[in-house]
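Me: Could you go through the charged pairs in this model with me? I'd like to take the picture piece by piece.

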Amino acid sequence: MPTAPATPSSVSSPAPPPVVERTPLVEAQEQLEIVRRALAVKDAEMRTLLAQRDAGILELESLRHQVASRELAVKELEFAALAREARVRELEKELESARLRAGEAGDDLKQIRGIGPAFERELKKLGVHSFSQIAAWTHDEIEAIAKKIKAKPERIRRDNWIARAAELAGTRAKS
């Protein structure tokens, strides 16, 4: 017997997927979905950037506060320095007064050749009031004192201030 031709109901074959037509609406929906995903990514990036900006702003505010605190500390230190400078000036005046009082009781330094009233006044301002002090000067002290009284160290050596001071200190001690 001849076999009957197969009918579609007797052969089981998978049905082809339905063909969806690509209409402009479908394409627009797909593009809209792509744009939504891209927008979500950009939104996340923007939120990250905004969070970083806010953190930067907070850090700047903190730094501004630190700068303001340090500026205040500097002002306080400047004020304290001014107060100390004023106190130093007061003490210098007191010291000068004490030196003048002590100078009246000190030796007559003009007895040393080369020391006149001006050098004597400058020496006494520096605290040199006696022959024994001058007699004890070292080479370095001669250099330093000469600069301070605006004299040449050679002059001090040439006029034998140290030897004469030692001599005068010795005679004063004997009398």
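Me: Which residues are linked in a network of salt bridges?

Reply: D108, K110, E120 and K124 are linked in such a network, where a salt bridge is a side-chain nitrogen of Lys or Arg within 4 Å of a carboxyl oxygen of Asp or Glu. This is a predicted model, in which local features need pLDDT of at least 70 and side-chain atom pairs count only at pLDDT 80 or more, while totals for chains, interfaces and linings use all residues. Residues are numbered from 1 along each chain as its sequence is written, and side-chain values use heavy atoms, with hydrogens and water left out.

Me: How far apart are the N and O atoms for K110 and E120?

Reply: The closest N and O atoms of K110 and E120 are 2.9 Å apart. K110 lies in the loop between α1 (24–105) and α2 (117–125) and E120 lies in helix α2, so the pair ties together parts that are 10 residues apart in sequence. Helices here are DSSP runs (H or I, at least four residues), numbered from the N terminus. K110 also meets D108 in a salt bridge, at 3.2 Å from N to O.

Me: Is E120 buried or exposed?

Reply: E120 is buried, with a relative accessible area of 10%; buried means under 20% relative accessible area, exposed over 50%, and partly exposed in between, using a 1.4 Å probe and protein chains only. K110, at 38% relative accessibility, counts as partly exposed, and D108 is also partly exposed, at 32%.

Me: What else is buried in α2?

Reply: Along with E120, the buried residues of α2 are F119, L123 and K124. Seen down the axis of α2, the buried residues fall within an arc of 130 degrees, so they line one face of the helix, the arc being that of the directions from the helix axis to the C-beta atoms.

Me: And what follows α2?

Reply: α2 is followed by G127, whose phi is positive, near 95 degrees.

Me: Switching to D107, where is that one?

Reply: D107 sits in the loop between α1 and α2 and counts as buried, at 10% relative accessibility. The side chain of D107 reaches the backbone nitrogen of F131 at 2.8 Å.

Me: Last one: how many salt bridges does a search of the whole structure find?

Reply: The search finds 16. Among them is the pair of E30 and R22, with the closest N and O atoms 2.8 Å apart; E30 is partly exposed at 36% relative accessibility, whereas R22 counts as exposed at 52%.

How values were computed
Helix = DSSP H or I, 4+ residues; strand = E, 2+ residues; numbered from the N terminus. Polar contact = N/O pair within 3.5 Å; in protein donor to acceptor, adjacent residues only side chain to side chain.
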